[in-house]
Amino acid sequence: MRDETKSLHSGYTPKNTEPRVMPIVQSTTYVFDTVEEIAAVFDDPTKNLIYSRFANPTVMAVESKIADLEGGIGAMCTSSGQAATLLSILNICSAGDSIVSSTEVYGGSINLLSFTLKKLGIECIFVNLDSSDEEIHAAFKPNTKAFFGETIANPALSVMDIESFAGIAHTHGVPLIVDNTFATPALCKPFEFGADIVVHSTTKYMDGHALQVGGVIVDSGNFDWTNGKFNDFTEPDESYHGISYTKAYGKSAYIIKARMQLMRDFGVYPSAHSAFLLNLGLETLPLRMKQYCENALTAAEFLENQAQVASVNYPGLAGNRYNVLAEKYLKGSSGVISFVLKGGKESAMKFINGLKLISNQVHVADIRSCVLHPASSTHRQLTDKQMIDSGVNPGMIRFSVGLENIEDIIQDLKLGFAEIE
């Protein structure tokens, strides 16, 4: 048999040089041939790689794949979902600006929007998704720069009327930013309904295996940044030789500004190895999302019939208040269910402690089933009003249905219910 390793060193070039698995470019640094070449790249980083704080070939391949999945013009990965949300807003807002957000968003996002951005001089005005159009319009001010919401809210599981909120945002000349973490592009593509920017915590379903923390911002390329409200895009950026992003990059102005300006300064870029692991998750995403949805619907129907359960919230259920919106926007309602036990916090804690297969952890959207009590964990820092507004009840359990055999999952739920009989 021919020694292929030896023949390679002897000048033999095999035809199958394309790797089956994405290569990991584990390098911080890239070599330039001349001083002039490196100078040109510092004038315009889109011409070549500079440093892995900006971009890395492995990460860029994943960014391109996610942009294609969402139907966007470009994407930028970040070191976490929170970093993606933060940069998506800071790319638009400065001190003295405001944004409008749905009340029903992830607890960590509420903290970011309510407190941290406030310290930076950016106000967040929260509105309930069920508010009248008049009330929502009233939340917008002359200094408002964006509307933020989640396709499927975590953990309230409300479904955003993307088309409607995109219309409202555009009436005020601002983009709609949608966190599409729970739906993923396998179930919903917000750009098709008028959203302008999409963010994800890739830590969740995109990764799917609880291997690495990450985030991503995706740009639709559809928003008009020259409408007079966004001078940072049209006026010269003195930190980059007076470049105007809209003049130089056109439809890609938003995502290139995020990389050239914010990633340069914050440096929240993921490692090549993290991107490699994320890509493995992306390769099975459509198959996994289909099974998550099937398992979750069966589990939700089981929970509806339990005497100890006060209510079950899963958009895929026929009687759910968000089922009509789910039918319009989603190809499945993901694998996350929230349900409220009649005994409140005490019953919720007993139920969780009685589970064996389903793990109690601060995570969601994994191949393994897991539960969490939001009122004492992810939403613990919120006021009682904020907790209620975000859809969190003291007796609520967030249940992320995994890919185990559904009969085993239901059997484990029965063990939990046995603890509160």
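Strands S8 and S9 (residues 336–341) run antiparallel to each other and pair over 4 bridges. In this pairing, Ser311 sits opposite Val340 of S9. Keep in mind as you look around that this is a predicted model.

- An open sheet is built from 5 strands, in the order S8-S9-S12-S11-S10, and its pairing is mixed.
- S8 (309–313) and S10 are the edge strands: each has a single partner strand, so one side of each has no neighbour in the sheet.
- Helix H15 (residues 344–353) packs on this sheet and touches S9, S10, S11 and S12 (396–400). The direction of H15 makes about 125° with that of S9.

**Helix H15, a helix with two sides**
- Which residues of H15 are buried? They are Gly344, Ser347, Ala348, Phe351 and Ile352.
- Looking down the axis of H15, you would find its buried residues within an arc of 130°, so they line one face of the helix.
- On the face turned away from the buried side, H15 carries the exposed residues Glu346 and Asn353.

- Among the buried residues of H4 are Gly81, Leu87, Ile89 and Leu90.

- For background, most residues other than glycine have a negative phi, and most peptide bonds are trans.
- Asn154 and Pro155 are joined by a cis peptide bond, with omega at about 5°. You can find Pro155 in the loop between strand S4 (144–150) and helix H7 (162–171).
- Leu157 lies in the loop between S4 and H7. Its phi is positive, near 60°, although Leu157 is a residue other than glycine.
- Is Leu157 buried or exposed? Leu157 is buried, with a relative accessible area of 0%.
- Ala365, which is not a glycine, has a positive phi of about 65°. Look for Ala365 in the loop between S10 (359–360) and strand S11 (370–372).
- Ala365 counts as buried because its relative accessibility is 0%, and the cut-off for buried is under 20%.

Key. Residues are numbered from 1 along each chain as its sequence is written. This is a predicted model: local features need pLDDT of at least 70, side-chain atom pairs count only at pLDDT 80 or more; totals for chains, interfaces and linings use all residues. Side-chain values use heavy atoms; hydrogens and water are left out. Buried means under 20% relative accessible area, exposed over 50%, partly exposed in between (1.4 Å probe, protein chains only). Two strands pair if DSSP finds at least two bridges between them. Contact means heavy atoms within 4.5 Å. Axes are lines fitted to C-alpha atoms, for helices over the stretch in contact, and angles run from 0 to 180 degrees between N-to-C directions. The arc is that of the directions from the helix axis to the C-beta atoms.
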